[in-house]
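Take a walk through this fold with the structure open beside you.

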Amino acid sequence: MWLQVTEGILIPFIGTGLGSACVFFLKDRMSERCGRVLSGFAAGIMVSASFFSLILPALDQCGGMGRLAFIPAVTGFLIGMLFLLALDVLIPHIHPDSSAEGPESGLKRTTKLALAVTLHNLPEGMAVGIAYAGWIYGNGAMTATGALALSVGIALQNFPEGAIVSMPLRAEGMPKWKTFWLGVLSGAVEPVGAILTVFAAGALLPVMPYLLCFAAGAMFYVVVDELIPEMAEGGHSNAGTLSFAAGFAVMMAMDVGFG
């Protein structure tokens, strides 16, 4: 069991590393259209994963509450949104696709970018940890294959995110190996967050529906605040919209087909 959990927790981290490796194969600067497509695909996966892998299982667990089954889901979802909002306000950061302006650059810019990526990856690691915790502790709504589907889906989402992080830094003249390792390290918070969540969830099993929807709310915040604006940057984007639909469909098929 624990071997499966370890493998599942590491899969999203591997996805980030593979995406960061794009600096060795692509042009030094990512095109605007490519950035929109990657952001849209990542957003679609995160929305689909939040709904099918987190919110629906939470609602299933609360079936005995009848018409009040929505209370844990709504409460956890809103707390997750507010938690990410608080981090967004309290931690100074920049968007991964923003360009350096003014005197700010060097270590300061790199540090802020790392903080921004941490905000992206924290809820994803928590989501994977909560899904595996539900399976480990015998929650009927969560299965090993369902948790694995979520992990693989987030890995697919992390691939473009790794590229979105590393490519702009390369465009500013940073060496390829340095941008690659910064991209890889940006995903390190995910396995750490997942492991901590797995062990903490054992003591919080009675409030598992709240935790599932907390992770969903946090992921939705990232989508609405970061990925959708990037997807539609510069006006209406058909490419971004279509890639969002593709990401949503891929994750939905994985979750329903293998969950």
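In which helix does Glu124 lie? Glu124 lies in helix H4, which covers residues 106-136. The model is a predicted one. Is Glu124 buried or exposed? Its relative accessible area is 0%, so Glu124 counts as buried, the cut-off being under 20%. Now look at what surrounds this glutamate. Leaving out residues up to four places away in sequence, Glu124 touches Met46, Ile154, Gln157, Asn158, Glu161, Glu190 and Met219. Two further glutamates, Glu161 and Glu190, are in that list.

Step back to the whole chain. It holds nine helices and zero strands. Read from the N terminus, the order of elements is α-α-α-α-α-α-α-α-α. The chain has 259 residues, and 51% of them count as buried. Take the contacts with a separation of 6 or more: residues 24 or more positions apart account for 85% of them. The accessible surface of the chain is about 11600 Å². Carbon and sulfur atoms own 73% of that surface.

H1 spans residues 2-20, 19 residues in total. From its first C-alpha to its last, H1 reaches 28 Å. That is close to the 27 Å expected at 1.5 Å a residue. Where does H1 kink? The kink is at Ile11, shortly before the proline Pro12, and amounts to about 30 degrees. Pro12 is itself one of the buried residues of H1.

Which residues does Phe180 contact, neighbours within four places in sequence aside? They are Gly17, Ser20, Ala21, Val23 and Phe24. Thr16 is 164 residues away from Phe180 along the chain, yet their C-alpha atoms are separated by 10.0 Å.

Helix H2, residues 32-61, carries Leu54. Is Leu54 buried or exposed? Leu54 is buried, at a relative accessible area of 0%. Setting aside neighbours within four places in sequence, its contacts are Ala49, Ala127, Leu150, Leu212, Ala215, Ala216 and Met219. Met219 is also touched by Glu124. Phe214 is 160 residues from Leu54 along the chain, with 9.0 Å between the two C-alpha atoms.

Leu227 lies in H8, residues 208-231. Its relative accessibility is 3%, so Leu227 counts as buried. Leu227 and Leu38 are 189 residues apart in sequence, but 9.2 Å apart in space, C-alpha to C-alpha.

Helix H9 covers residues 238-258 and contains Met251. Met251 is buried, with a relative accessible area of 1%. How far is Met251 from Gly44, in sequence and in space? They are 207 residues apart in sequence and 8.0 Å apart in space, C-alpha to C-alpha. Beyond its neighbours within four places in sequence, Met251 is in contact with Ile45, Ser48, Ala49, Ser53, Ala149, Leu150 and Gly153. Ala49 and Leu150 are also contacts of Leu54.

Which residues make the nonpolar surface patch? They are Met65, Leu68, Phe70, Ile71, Val74, Leu78, Val207 and Tyr210. Together they form a patch of about 650 Å². Helix H3, residues 70-90, supplies its largest share, four residues. Leu78 is placed in H3. Why does Leu78 count as partly exposed? Its relative accessible area is 46%, which lies between the 20% and 50% cut-offs, so Leu78 is partly exposed.

Key
Residues are numbered from 1 along each chain as its sequence is written. This is a predicted model: local features need pLDDT of at least 70, side-chain atom pairs count only at pLDDT 80 or more; totals for chains, interfaces and linings use all residues. Side-chain values use heavy atoms; hydrogens and water are left out. Helices (H or I, at least four residues) and strands (E, at least two) are DSSP runs, numbered from the N terminus. The expected span of a helix is 1.5 Å times one less than its number of residues. The bend at a residue is the angle between axes fitted to the seven residues ending there and the seven starting there. Buried means under 20% relative accessible area, exposed over 50%, partly exposed in between (1.4 Å probe, protein chains only). Patches are made of residues with over 30% relative accessible area and no salt bridge: like charges are joined within 9 Å, nonpolar side chains (Val, Leu, Ile, Met, Phe, Trp, Tyr) within 5 Å. Accessible areas come from the Shrake-Rupley method with a 1.4 Å probe; for residues, only the protein chains shown count as cover. A salt bridge is a side-chain nitrogen of Lys or Arg within 4 Å of a carboxyl oxygen of Asp or Glu. Contact means heavy atoms within 4.5 Å.
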